[in-house]
Structure formats: C-alpha cells, structure tokens
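Me: I'd like to talk through this model with you. Could you take a look?

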Amino acid sequence: MDRLIELFFATILNHNIALVYILGMCPLIAISTSVKNAKGMGIAVVLVVTLTGIINYPIYQLLKQTETTSLALLVFIITIAATVQILELLMEKFVPKLYNAFGIFLPLITVNCVVLAVSLFFVNREYTFSETAVFSFGSSLGWMLAIVLIAGLREKMAKYSDVPKGLKGKGIVFVLLGILALAFIGLTGLASI
C-alpha cells in the first residue's frame, strides 16, 4: 500500500508527465489559454488516461501470453481511439451537459501523447495491475495540474504583466513551462517510481 501511495504522489509531483517528461505539450500549450478550458481538458485527460491504462493492462498480459507483444503499440493506439469514441458516445447519450461542456476537448485526447506514454511506461516498468491503475490516474492528475497551473499563470500575466512583445502568446508559455519544470524536478527524491 505504501508503494502505491508513493507512486501516486511521484506521478503528480517529481515525475510529472508534462513538466518532467515533457509529454503532452501541444494540447498543454494550445488549450491553456484559460483556466476553464484547462480544467475541461484536464478532466477529459484524467478520464481517458485512467480508463485506457486499466484497459490496456489486461490486453498487454494477453499479448504476453500469446507472445505477440510486438503488436502492443498498435493495439494500444486502437484501444485509445476506441475508448475515446465510446466515452464520447456514452457522454453524449447519458450526460449531454457534460458532453457539451467538453466540446472539442474529448476528441483531441486521442492524439495526446500522454495517453499512449502511460501505457508504454507501465509495460517498460513492469507494473502490476494496481500500480498501473495508480500510475495512470496519478499521471493524468499531474498533467491536469500542469495545464491548470499554466492557464492560471497565463490569465494572471495577461491581466497584470507587461510581457515583452517577442514573448507574448506561446513564447511566454515556454518560459513558464521551463520555470515550472525546474520547480517540479527540484522535488526529485521526494518519492520514486
């Protein structure tokens, strides 16, 4: 149990998938224009990453038993696309308000490299099912934390700062990401994966 708690906090803080491993940057930079957008994308990422990690684990175990692990990448990508599509259909049918609130965020997750990276990490690190579930949930929460932090900083800077012309827009986001990455890397040693 201690291992799972340590893994959970490590994936959010000192092994943050966005700020330490620099994954999922395209949607993080593009969608972090407001905290509202960031929260929407973050929640969608948490749902999809956690679900696909949990679904891909038994699939990978089956591939191991049949000695067809070379198909893992292809199968993971298909699982991710199918999970996003099924989630989108279910939400549209049963929770239309939430579906409308997510808007374009849900389909965008299919191409977010964080989703695939989590599945590849649990394979490379030989996690158990419970470790995979915790790693998937923690990593997606870490990514959500990063996008909400960036969005909050962008909103405050737009309101109170005089950003130099050459850094306006995405330029300042890269500077902010670098500073946040240094801060999160500074937590190294807090917990291990």
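Me: Which helices do the buried residues of helix 1 pack against?
Reply: Bearing in mind that this is a predicted model, the buried residues of helix 1 pack against helix 8, which spans 129-160, and against helix 9, which spans 170-185.

Me: And which residues of helix 1 are the buried ones?
Reply: Helix 1 covers residues 2-12, and its buried residues are Leu4, Leu7, Ala10, Thr11 and Ile12.

Me: What is the radius of gyration, and what would a compact globule have?
Reply: The protein has a radius of gyration of 17 Å, which agrees with the value near 16 Å that a compact globule of 193 residues would have. Along the principal axes, the C-alpha atoms fill a box of roughly 60 × 45 × 30 Å.

Me: What share of the residues is buried, then?
Reply: Of the 193 residues, 45% count as buried, while the protein exposes about 10000 Å², with carbon and sulfur atoms supplying 70% of that area.

Me: What about contacts, how much comes from residues 24 or more positions apart?
Reply: Taking the contacts with a separation of 6 or more, residues 24 or more positions apart account for 79% of them.

Me: Switching to charge, how many positive and negative side chains are there?
Reply: There are 13 positive and 9 negative side chains, and the centres of these two sets lie 15 Å apart.

How values were computed:
Residues numbered from 1 in each chain as written. Predicted model: local features only at pLDDT ≥ 70, side-chain atom pairs only at ≥ 80, totals over all residues. Heavy atoms only, no water. Rg over C-alpha atoms; globule rule 2.2 N^0.38 Å. Buried < 20%, exposed > 50% of the residue type's maximum accessible area, 1.4 Å probe, protein only. Contact = heavy atoms within 4.5 Å. Areas by Shrake-Rupley, 256 points an atom, 1.4 Å probe, with all protein chains shown as cover. Lys, Arg positive; Asp, Glu negative; His and termini not counted. Charge placed at Lys NZ, Arg CZ, Asp CG, Glu CD. Helix = DSSP H or I, 4+ residues; strand = E, 2+ residues; numbered from the N terminus.
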